[in-house]
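Visitor: I would like to learn how to read the features of a model like this one, beginning with a pocket. Could you take me through them in turn?

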Amino acid sequence: PPLRGINKERPRLLASVPGFCLVHDFALTANYYVVTQAPTSFGANPLDTLLGKKSLGESIVFDESKPTLLWLIPRNGGAPISFPVSTHFSFHHANAYEDEHGRVVLDSASTPRLELGSPSGTPDAPPLWETVEYNTLPSATLWRYTLDPASGASSAREVFRRYVDFPSTHPRTSAQRHRWIYAATGGESGGIASPFKGVAKIDMSDAAQHEVWLAPHGAQFAGEPAFAPRAGASDSAAEDDGYVLLPLIDGARGGRATVCVLRADDIAAGPIARVELDTYLPHGLHGAFVPDLAPSADEIERATTLMKLYARKSREWNVVDGSFSGMGFKSLFQKGVDGR
């Protein structure tokens, strides 16, 4: 069935799977939702998290001795089908589709283990980037999983051994077979974790034919790349007929942000244009290109005011103590139910 349009029905529970499931992303095909259930649990003392004694990340336990389950949940409401695969965790999927044999193909940035825990933040603690040892962190690389709902068989293979995340495809290929994947990538090769420095374009028909562009300055760090189809391009245009927008935190410009515009069909050539912003653009988890979106000056001013309020409040959120928890118990006890 078509995947376009907005479903205005009220939310409903389509299916459930047994056990704890830490899900950040899911994929879909013409007939299935695809969900990853990594071997995670909420730890032995979840009350510590609710009371603010531990951050959520410190409470998640990853069991490397158990497989990861990939679930196919029929969109028509049928029974979910599980596939045990090699142990991994995936924050982000690139895309999924059904091939000519009815098998579901999922491309995902997968890491062999999950590490979220770290000591709770305090006002005088050094920032993470001053203490982290990147070469000891698990590295996400691009994997392809093939699942056969008819036979229950599955396969998994690493496609691209370089640290990547935020993989995406041309929006036109959502739930369809795709050739190209674009992803943020680190400055180190060989699957070694490192800060994101640029963008990789991976040819899924032959991953050896990949392209990488890295920011030339040592103090430039990349965010999530977003694909922008070329204006006026038809549905039959080449899959890489468009541009990749890549935000950079630009230490070469005093921490202000630069948005790089790269031709999708020639990533290695580097940016064809740069938009230098007069402000710092924080690293975000997700972004997307929206055609014909041109906010008014009034909308920009209101958004700027809201951003400043968030920035001021974030100084409190970045300290993990009893006042920051899933229930906010400490704040409740101090101020009372009505906030007084």
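Guide: Let us begin with the lining of the second largest pocket, where β7 makes the largest contribution, five residues. This is a predicted model, and we shall come to its confidence at the end.

Visitor: Which strands each supply at least two residues of that lining?

Guide: The general idea is that rolling a probe the size of a water molecule over the atoms shows where empty space is left. In this case β1 (27-28), β7 (89-98), β11 (164-168) and β16 (226-229) each give at least two residues to the lining of the second largest pocket. The volume of that pocket is about 750 Å³, and among its 29 lining residues Ala94, Ser168, Thr169, Pro171 and Ser174 are the closest to the centre.

Visitor: Which charged residues lie over the face of a ring?

Guide: Lys197 sits over the face of Phe221, 5.2 Å from the ring centre, and Arg75 is placed over the face of Tyr33, at 6.0 Å from the ring centre.

Visitor: Is Ala208 buried or exposed, and where does it lie?

Guide: Ala208 belongs to the loop between β13 (196-203) and β14 (211-214). Its relative accessibility is 58%, so Ala208 counts as exposed. The C-alpha atoms of Ala208 and Phe160 are 8.0 Å from each other, although 48 residues separate the two along the chain.

Visitor: Where does the pLDDT stay under 50?

Guide: Where pLDDT is low, the predicted coordinates should not be read in detail. The average pLDDT of the chain is 83, with 86% of the residues scoring at least 70. Over residues 1-6, however, the pLDDT stays under 50, and the model gives this stretch nine contacts beyond four places in sequence. Residues 318-340 also have a pLDDT below 50, and for them the model shows 25 contacts beyond near neighbours in sequence.

Key
Residues are numbered from 1 along each chain as its sequence is written. This is a predicted model: local features need pLDDT of at least 70, side-chain atom pairs count only at pLDDT 80 or more; totals for chains, interfaces and linings use all residues. Side-chain values use heavy atoms; hydrogens and water are left out. pLDDT is the predictor's confidence in each residue, from 0 to 100. Contact means heavy atoms within 4.5 Å. Helices (H or I, at least four residues) and strands (E, at least two) are DSSP runs, numbered from the N terminus. Buried means under 20% relative accessible area, exposed over 50%, partly exposed in between (1.4 Å probe, protein chains only). A charge sits over a ring if NZ of Lys or CZ of Arg is within 6 Å of the ring centre and within 35 degrees of the ring normal. On a 1 Å grid over the protein atoms alone, a cavity is a set of points where a 1.4 Å probe fits but cannot get out, and a pocket is an open set with protein on both sides within 12 Å along at least five of seven lines; lining residues have an atom within 4 Å of a point. Grid points are joined across faces, edges and corners, and a volume is the space filled by probe spheres set on the points.
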